[in-house]
Amino acid sequence: MTPTRTVPTDQPTSGKRPWGLSLLLSILALLLEAVIALVVSFYYGATQESPNVIGTPALLVLALPVIAVFATVVAAALSMGLVLPIVWLAGVLGRRVGGREAWWWIPVAAGAVSLVVVGLAVALSGGSGVGSFVLGWVLTSAALAVPALLWRSRRRRVFGPVLLWGVVAVVLTAVLGGVGFWTGLLTEYRPPALTSADLVGRWSDGNGGTLTFSADGRVTAVDIDDDLTPYDDFTEDDPEGGKDDRCSGQGTWAYTSDTGLWSQEVSVTVDACSFENWYVGGTEGRPTLYQYIGDPDSWDLYELARAQEET
């Protein structure tokens with residue numbers, strides 16, 4: 001009786017993986033990359049000057065199933081529209097140039113496809129610097145090359161290792177970011193700590209609008225924007241989108257800071273104006289007062305900075 005030989009399941013096979021399984025593997029890889037990018041963007045955003053956008057964790061948790069479905073659909077579209085063409089192009093290049101398909105043609109094809117994608121994105125957005133373009137091209141090439149390499153792989157039972165190492169990469173990225181903040185390599189943005197005395201003086205929006213705070217609690221508003229709707233929010237009643245709706249007058253002001261730096265507010269009461277409280281932002285060297293224009297989640301701000309004293 002001739003003994004049978006068992007082929008290890010983690011070794012390459014001569015046949016191709018079913019197309020559907022390759023698609024699922026590409027979707028998985030893109031989703032894992034998206035989670036890593038989300039973690040990196042969260043840490044990066046924490047270091048950048050930003051308004052105090054109040055989050056809604058409960059709503060985010062409730063929305064996770066919808067977000068997951070949407071992300072999966074997007075990953076599937078990217079797999080079909082970009083990853084699959086990269087695999088095809090790499091195969092064509094390998095057969096035409098070297099006579100056979102080889103894995104190293106995947107990065108070449110990914111770079112070529114990414115160059116077109118990033119170029120179109122830059123053209124549609126109005127252009128960007130050379131450094132931003134190169135960085136976007138490199139990151140996009142790497143992000144597309146990984147699922148393309150997995151698509152081309154002929155190894156069996158690859159889903160488990162990809163998922164495992166993907167989760168490890170996500171956790172490692174989160175831990176490294178936390179260590180960076182803990183050790184001081186990364187610095188979390190915090191608004192400057194102001195006092196009532198720091199606010200006394202003239203603050204300008206750079207477009208003719210000013211608020212002048214007096215030490216006795218009086219304030220003078222001159223041409224302050226009083227209609228904080230998005231500038232592209234045009235209506236029949238307001239065709240200019242609030243651009244020219246400004247107010248002037250005198251009133252009172254008060255500064256409050258109940259729970260810390262993010263709770264600093266300046267309430268301004270002027271009969272001719274109807275704006276809300278002002279928040280404190282900026283940096284120690286350049287503090288600002290701001291209000292939200294439209295939806296706070298848009299981070300579209302109407303800012304006042306301390307005006308330079310005339311000499």
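Helices (H or I, at least four residues) and strands (E, at least two) are taken here as DSSP runs, numbered from the N terminus. The model is a predicted one, in which local features need pLDDT of at least 70 and side-chain atom pairs count only at pLDDT 80 or more, while totals for chains, interfaces and linings use all residues. Residues are numbered from 1 along each chain as its sequence is written, and side-chain values use heavy atoms, with hydrogens and water left out.

The protein contains six helices and eight strands. Read from the N terminus, the order is α-α-α-α-α-α-β-β-β-β-β-β-β-β. Of its 311 residues, 31% count as buried, a term that means under 20% relative accessible area, with exposed meaning over 50% and partly exposed in between (1.4 Å probe, protein chains only).

Among the helices, H3 spans residues 105-125, 21 residues in total. From first C-alpha to last, H3 reaches 30 Å, close to the 30 Å expected at 1.5 Å a residue; the expected span is 1.5 Å times one less than the number of residues. The buried residues of H3 include Trp105, Ile106, Ala109, Ala110 and Val113, together with Val118 and Val122. An α-helix has 3.6 residues a turn, so residues three or four places apart point the same way. After H3 comes Gly126, with a positive phi near 95°.

Helix H5 (residues 159-183) holds Trp182, which counts as exposed because its relative accessibility is 74%.

Turning to the strands, a closed barrel of eight runs E1-E2-E3-E4-E5-E6-E7-E8 with antiparallel pairing, where two strands pair if DSSP finds at least two bridges between them. E6 and E7 (residues 287-292) run antiparallel and are joined by four bridges. Gly282 has Pro287 in E7 as its bridge partner. The loop between E5 (265-270) and E6 (278-282) carries Glu276, which is exposed because its relative accessible area is 58%.
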